[in-house]
Amino acid sequence: MVSVLRTIVLIPSRLASTRLPGKPLASIGGEAMIVQVWRRAVAAAVGAVAVACEDEEIAQAVEAAGGRAVMTKSGHPSGADRIHEALEILDPERTFDQVVNLQGDLPNIEPSAICRVLEPLNNNKTDIATLAAEITDQKEVSDPNVVKVIAGLGPDTQVARALYFTRAVAPAGDGPLWHHIGLYAYKREALEKFVGLPPSKLEIRESLEQLRALEAGLHIDVARVEMVPLGVDTPDDLIRARQLFESDKMLGQ
């Protein structure tokens, strides 16, 4: 008998943001951004969905929309730590086998991308899965805010092992570069191992926590997608997100 893996999507969220304070509650398309992200996760229909937060205002917004929120402690160093606490609160009996960590600032994430990030976990050797899209805008190539993943992706390779993540331009030579998308799916044991590790040398140097997993020997596989979702980090990003939602509304989407 084949066992069916149970999945939960957890969305870490907090009001404290240095570049855009209060952004989870910023109105986009007539609803709080965190609600828009929650709706995308529900539409993916891969399993249970909950928002992990430290602020009552976020919990109230999610619950008013019909969603589930779980209060976590403040001061978590990363979203992975926050969703781990939420998972322990929601599922002490360990009924969920795999966990999607969906950032709360991706209001236009495609539900299909949430489905896609789970596919590499079908490989028994994969601990963590994530996504990447080919860089087509040359301005992104040298932008250190655009994280590149080094993996053997290509037209005939839709999933590949992540060898490294960097803010530099890499790899060298001819060929595509890959824009890493910060959406992760973990096997539960991998998430537990990851949050128990101290920050690693390369993680600190590049300011990329996924390098901690690689340095610890965890296997990360990358699935290719076509679109990079808009991450809302600044007031300009928020304006762009609102424009995208308004455009979709006008098109009847």
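**Salt bridges and buried spots**

Glu134 has a relative accessible area of 36%, so it counts as partly exposed. Please keep in mind that this is a predicted model.

**The bridge between Glu134 and Arg224**

- Glu134 pairs with Arg224 in a salt bridge, and their closest N and O atoms are 3.6 Å apart.
- This pair links distant parts of the chain, as Glu134 lies in strand S7 (residues 128-134) and Arg224 in strand S11 (residues 220-224), 90 residues apart.
- Arg224 is buried because its relative accessibility is 14%, under the 20% cut-off.

**The bridge between Asp221 and Arg161**

- Strand S11 also holds Asp221, whose side chain meets that of Arg161 in a salt bridge of 2.6 Å, N to O.
- Arg161 sits in strand S9 (residues 159-166), and the two partners, 60 residues apart, link distant parts of the chain.
- Asp221 is buried, with a relative accessible area of 5%, whereas Arg161 is partly exposed at 30%.

- Asp91 and Arg188 form a salt bridge in which the closest N and O atoms are 2.5 Å apart.
- Here, too, distant parts of the chain are linked: Asp91 is in the loop between helix H3 (79-90) and strand S6 (98-101), while Arg188 is in helix H6 (residues 188-195), 97 residues apart.
- Both of these residues, Asp91 and Arg188, are buried.
- A network of salt bridges links Asp91 and Arg188 with Glu88, Arg94 and Glu192.

- You will find Ser13 in strand S1 (residues 7-13).
- With a relative accessibility of 5%, Ser13 counts as buried.
- Setting aside neighbours within four places in sequence, Ser13 is in contact with Pro24, Ile34, Val51, Ala52, Cys53, Glu54, Ile58 and Arg82.

- Leu211 belongs to helix H8 (residues 210-215).
- The relative accessible area of Leu211 is 0%, so this residue is buried.
- Not counting residues up to four places away in sequence, Leu211 touches Tyr164, Phe165, Ser200, Leu202, Glu203 and Glu206.
- Thr166 is 45 residues from Leu211 along the chain, and the C-alpha atoms of the two are separated by 8.9 Å.

Terms used. Residues are numbered from 1 along each chain as its sequence is written. This is a predicted model: local features need pLDDT of at least 70, side-chain atom pairs count only at pLDDT 80 or more; totals for chains, interfaces and linings use all residues. Side-chain values use heavy atoms; hydrogens and water are left out. Helices (H or I, at least four residues) and strands (E, at least two) are DSSP runs, numbered from the N terminus. Buried means under 20% relative accessible area, exposed over 50%, partly exposed in between (1.4 Å probe, protein chains only). Contact means heavy atoms within 4.5 Å. A salt bridge is a side-chain nitrogen of Lys or Arg within 4 Å of a carboxyl oxygen of Asp or Glu.
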